[in-house]
Amino acid sequence: MASALINVPAKAKRGDIIEIKTLMSHIMETGYRHTATGEVVPRDIITSFTCRFNGTEIFRADLFPAIAANPFITFFTTATQSGKFEFEWIGDKGFSETASASITVE
Amino acid sequence: MQLRPDTTRRRFLGLAGGAAVAGAVPVVTVRPAEATPAMLASAIRSVTGGAEVKTGKVKLDIPPLVENGNTVPMTVSVASPMAPEDHVASIHVFNEKNPQPNIGNFHLGPQAGRAQVSTRVRLADSQKIVAIAKLSDGSYWSATVDVVVTLAACTEDVI
Amino acid sequence: MRLAGAIAAALLAAGAVGATEIPQAERRSGYSFMKPDTRAMQDEDTANPGMLWVLDGETLWKRKSGAAEKACADCHGDISTSMKGIAARYPAFDNATGRPVDLEQRINSCRANHQQATPLPFESRELLALTAFVARQSQGSPIETGADPQLAPFIAKGRELYLQRQGQLNLGCANCHDDNWDKRLAGSAITQGHPTGYPLYRLEWQSLGSLQRRLRACITGIRAQAYDYGAPELVELELYLMSRARGMPMEAPAVRP
């Protein structure tokens, strides 16, 4: 199970600067912890987060083990036209999740 | 990522308590190698290519005294018109004492409207956090904050 | 050793004062002890990582499970009406066993009896998710646990356990949470121990967790042997704590340091 929470305003006026908030469920195992028997718990993190609007990248983040579990990332964009935001999280062990949100710009 | 001054004792207690945890793999925390100021400097150099980093323009909001080092809210904002000819291209955040000096790189462009990102970070110990912004003219600007991470009273070593 | 020192200091302070109940007007949620940054995480759904479990719970609620091929929703329908205020009355008396059961145990007995499904392990993502989804429907509802007179003897047992000193530090819950709740232990505020927000997201855990997990951690903290998950003692303690918090609004899924 991997859930994500996305907060994008449903409507905006052209030229408005809007905030986008994202929360993705992920353990973000650092790779620096050990089990009781001394074995390293292998790193398992999200390494990359990308947001595209109508196909064009508008924001990207490279994540490291210092990002807390269930990564929360917020950023801004200017509302220019109606369309679709697509979000993509990529990580270790083949982790790949996507989500999308639409906005109407008047 | 949790660092404790009394690792040996707490590890023992953690193991003792761990036997009763249902269906979970006992995981104990051991003190990892710390990133050193040299590693921090080298990580910054790999972003800037050795260019001068000026102090200013960047604001790093992080609680000076955090409630738990495992999840520390952080906001970086940069004073910028975010216009095509003058904007922030990227923001890079580093730490001094986690096992690894990088926290995150954030790539943005003029369409952002506002050069501001927020996330939540892990801080293994009280330490210095550095945020660096790369502007569209190729200049680098930074802010540095010292954060005190207190020892939480009721912690669990075994999860 | 720093931590043991801090608890020992608290023990000395506690020794001088008898356990006295907190007057109704002075009852405070753990939320009120938190710094603004941590409060902000709980205040907004899209900032609250606990909501990720609520979302998972919604999926599970609608998914058919067990030999009966039934989903929770097939019997209970719209959760926003069928489960409103329910979590605020747990632990509740279970007629079948003649004992109190907590919400997790109720979900598992429902799975066994009506879905013919295997019980979900304590602290499993699935059980936490379903519990969170159910508890979320009571957000803002006042806690009413303990109204059923059949629960009285179990509340009394829970209270006894709450007051009883135990472990290498020889501390009872009351020594911190009744007598010293306005003080600090190492870097942390000592709260009044009202379980208003469970299951909740603890920054320390970087995960959602149950009240039983929290109680076990606290018991380990006073260097006593923690009861196993599902032990009657833990449920009685949960019951006492929830009845002690009667009237306070539910916050699940809360965020705590």
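In the hairpin formed by strands E5(A) and E6(A), where two residues lie between the strands, A:Asn54 adopts a positive phi near 45°. Strand E5 (residues 46-53) of chain A pairs with E6(A) in the antiparallel sense over six bridges, and within this pair A:Phe49 stands opposite A:Ala61 in E6(A). Strands pair here if DSSP finds at least two bridges between them, while helices (H or I, at least four residues) and strands (E, at least two) are DSSP runs numbered from the N terminus.

This is a predicted model, in which local features need pLDDT of at least 70 and side-chain atom pairs count only at pLDDT 80 or more, whereas totals for chains, interfaces and linings use all residues. Residues are numbered from 1 along each chain as its sequence is written, and chains are lettered from A and ligands numbered from 1 in the order in which they are written.

Strand E6 (residues 56-63) of chain A also pairs with E7(B), in the antiparallel sense and over four bridges. In chain B itself, strand E5 (residues 72-78) runs antiparallel to E8(B) and is joined to it by six bridges. Some opposite residues are listed below.

| Residue | Opposite residue, strand |
|---|---|
| A:Leu63 | B:Gly104, E7(B) |
| B:Ser77 | B:Gln116, E8(B) |

Five of the six residues of E8(B) are buried (20 or more other C-beta atoms within 10 Å of the residue's own, with C-beta atoms placed from the backbone; exposed means 12 or fewer, and partly exposed is in between), so E8(B) is largely enclosed by the rest of the structure.

The contact between chains A and B takes 35 residues from chain B and 27 residues from chain A, where contact means that the C-beta atoms of two residues, placed from the backbone, lie within 7 Å.

In chain C, the axes of helix H3 (residues 50-62) and helix H7 (residues 125-136) come within 7 Å and cross at roughly 95°, the axes being lines fitted to C-alpha atoms over the stretch in contact, with angles from 0 to 180 degrees between N-to-C directions. H3(C) and H7(C) are therefore roughly perpendicular to each other, a term for angles of 65 to 115 degrees, whereas those under 35 count as roughly parallel, those over 145 as roughly antiparallel and the rest as oblique. The buried residues of H3(C) include C:Met51, C:Leu52 and C:Leu55.
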